[in-house]
Amino acid sequence: MKLRHLISMLCAAAMSALMLTACSNDAEQKSSDSEISSDSVSTTEESKDMNTETIYKATEENVKLLGRTYFDIDRLYCALSGTGFEFTFTGTKCTIAVVGDSNSASEAMADSHARIGIYVNGERVIDDMVDHSEELYTVFESDEPQDVTVTFVKLSESPHSTIAVTDINVTGTPIQPTPNKEKLIEFIGDSITCGYGADDPDKSHQFSTKTEDVTKAFAYKTAQALDADYSMVSFSGYGIISGYSDGEKKVTQQALPKYYTKLGYSWSPNGLFAPSDILWDFSKRQPEIIVINLGTNDDSYTQNHKDRQEEYSAAYTEFLKKVREKNPDAKIVCAFGIMGDRLFPYIEQAVENYTAETGDGNVSTFKFDVQQAADGYSADWHPSVTTHDKAAAKLAEYLKTLL
């Protein structure tokens, strides 16, 4: 009886061990199946994301806005030089839909059409004149998903043309705004800031948006050198008290200060939107530095007339008050001299008077080197790219001392 009982107990133990092993193996198999299933789901979801085509609007939630832009209802309006947006995504395709103003389809207005540049990972892949009322640009296309940064920049200025971006169509992951850089610099200027004639090395030629490129001008290059975001408020031919003149008549309609608080200015009733009707929201993001480069066009009017030069200086002081009112903490730099420096002493006088009146010591002057024939000229005797490079390098070194 004892032997039989012992054998029975041994058999039961063996059967129990076999059952435990089987359960363990079954659990391991289920765990393995679960892992495979999870990986499969993950891969499927990732694949699905890469094949998803989505239309986005250029809102602050989706893109980083560049310069003074304005979003209304379903589109982003761009007028000033350098305005646009930037975003990232991972995927296989991106297209951007652009609407031109009422002049865009006019051959007679070919020298005033908007010029745009679109970049993929820092390389300009689209360089085009918006010469149709609607344009669709294929910015990026690939068989395999890639990490992509898209940058859209209006290369030409606002008086001649305006555009709007309606759709950003992406196949891939959701688009994300690129992060803001640590510093923002605002540049207030004229044709020099706009990059007038930057792509036309013939000084006998006149203005055309076809040869205007803000990214080749000193302001944009200064921001790049300092790894800063930028905002341009610049119009060719504009000044503090007068636009470009024959020396007899003051061109008051081209005095920039009255447009400083606006989104921009366009002289044409272009049927798209009027940037001068839209007030700029200075609370959006305050610049750390503001660089003013105005006076070249005033000089065509003031020339050597002492009373006119004094008028320019007094108006400059008043403009500084307006800039300070809207930007209470910015360092303001009053720069001048690339296309001639005759008015520079009157800028120094304006800053001295402003500081004496307000007690604000956070304003300084900066003198550029006057352009040299050896460095060449662009259209209408404007600075060459070489001159812009030299000006940017010198200004960037000075701004480093302020930052």
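Is K284 buried, partly exposed or exposed? K284 is partly exposed, with a relative accessible area of 45%; here buried means under 20% relative accessible area, exposed means over 50%, and partly exposed lies in between (1.4 Å probe, protein chains only).

Before going further, a word on what you are looking at. This is a predicted model, in which local features need pLDDT of at least 70 and side-chain atom pairs count only at pLDDT 80 or more, while totals for chains, interfaces and linings use all residues. Residues are numbered from 1 along each chain as its sequence is written, and side-chain values use heavy atoms, with hydrogens and water left out.

**Confidence**

The protein has a mean pLDDT of 90, and 87% of its residues reach 70 or more; pLDDT is the predictor's confidence in each residue, from 0 to 100. Residues 1-45 have a pLDDT below 50, and beyond near neighbours in sequence this stretch has zero contacts in the model, a contact being heavy atoms within 4.5 Å. Where pLDDT is low, the predicted coordinates should not be read in detail.

**Salt bridges**

The whole structure holds 26 salt bridges, each being a side-chain nitrogen of Lys or Arg within 4 Å of a carboxyl oxygen of Asp or Glu.

| Pair | Closest N to O |
|---|---|
| D74 and R75 | 3.5 Å |
| D369 and K394 | 2.9 Å |

K284 sits in the loop between β12 (229-234) and β13 (289-293), and E60 in the loop between β1 and β2, so the pair ties together parts that are 224 residues apart in sequence. Helices (H or I, at least four residues) and strands (E, at least two) are DSSP runs, numbered from the N terminus. E60 is exposed, at a relative accessible area of 52%.

For D74 and R75, both partners are partly exposed: D74 has a relative accessible area of 30% and R75 one of 21%.

D369 forms a salt bridge with K394. D369 lies in the loop between β15 (363-367) and β16 (377-378) and K394 in helix α7 (residues 385-402), so this pair joins parts that are 25 residues apart in sequence. D369 is exposed at 53%, and K394 is partly exposed at 32%.

There is also a network of salt bridges, linking R115, R124, D127, D199, D213 and K216.

**Two buried residues**

In the loop between β1 (53-56) and β2 (64-66) you will find N62, which is buried with a relative accessible area of 17%. The side chain of N62 reaches the backbone oxygen of K57 at 2.9 Å.

F152 belongs to strand β8 (residues 134-154) and is buried at 0% relative accessibility. Although F152 and I118 are 34 residues apart in sequence, their C-alpha atoms are 4.6 Å apart. Among the other contacts of F152 are L66, F85, V98 and I163.

**The nonpolar core**

How many residues does the largest nonpolar core have? The largest core has 42 residues, and those with the most contacts inside it are I188, I292, Y316, F319 and L320. Such a core is a set of buried Ala, Val, Leu, Ile, Met, Phe, Trp, Tyr and Cys residues joined through side-chain atoms within 4.5 Å. β13, α5 (306-326), β14 (331-336) and α6 (344-358) each supply at least two residues of this core, with the largest share, six residues, coming from α6. L320 touches, among others, I292, C334, V351 and Y354, not counting residues up to four places away in sequence.

Key
Polar contact = N/O pair within 3.5 Å; in protein donor to acceptor, adjacent residues only side chain to side chain.
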